[in-house]
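Hi,

Here is the model I promised to send over.

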Amino acid sequence: MAFPIKICSICSEEFELKPGKPGFANRCPACSEQEPTTNSANPTKSGGNKELDQERRKAMRDLLYRKDS
Ligand SMILES: [Zn+2]
């Protein structure tokens, strides 16, 4: 399952553009969550540990890409 690799227009990181990804197509998932979007249907997720959540996302992304390449 190979998804097109895009460069985030915010943080310039590579990310997989998966079908149905929320947010902008030219932003990585982490950056998409930084700004309120129309589909902010996860109020419980944006609690107090937002930074921790992003750290974990970043780590997961790194893992994914390392495995990919
Ligand atoms: Zn980004």
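Below is what I found, going from the whole chain down to single residues.

A quick word on ground rules. This is a predicted model, so to speak of local features I needed a pLDDT of at least 70, and side-chain atom pairs count only at pLDDT 80 or more, while totals for chains, interfaces and linings use all residues. Residues are numbered from 1 along each chain as its sequence is written.

On confidence, the protein chain has a mean pLDDT (the predictor's confidence in each residue, from 0 to 100) of 80, with 74% of its residues at 70 or more. Strand S1 (residues 5-7) has the highest confidence, at 95, and helix H1 (residues 29-34) the lowest, at a mean of 84.

How much of the chain is buried? Of the 69 residues, 6% are. Buried means that 20 or more other C-beta atoms lie within 10 Å of the residue's own; exposed means 12 or fewer, and partly exposed is in between, with C-beta atoms placed from the backbone. Looking at contacts (two C-beta atoms, placed from the backbone, within 7 Å) with a separation of 6 or more, 16% are between residues 24 or more positions apart.

Serine 12 sits in the loop between S1 and strand S2 (14-16). Its phi is near 60 degrees, a positive value in a residue other than glycine. Most residues other than glycine have a negative phi. Serine 12 counts as exposed because it has 8 C-beta neighbours inside 10 Å.

Glutamate 14 belongs to strand S2 and is partly exposed, because it has 14 C-beta neighbours inside 10 Å. Which residues does glutamate 14 contact, leaving aside its neighbours within four places in sequence? They are Ile5, Ile7 and Tyr65. Aspartate 62 is 48 residues away from glutamate 14 along the chain, with 9.6 Å between their C-alpha atoms.

Lysine 58 is part of helix H2 (residues 50-68). With 14 C-beta neighbours inside 10 Å, lysine 58 is partly exposed. From lysine 58 to proline 29 is 29 residues in sequence and 9.6 Å in space, C-alpha to C-alpha.

Cheers

Methods. Helix = DSSP H or I, 4+ residues; strand = E, 2+ residues; numbered from the N terminus.
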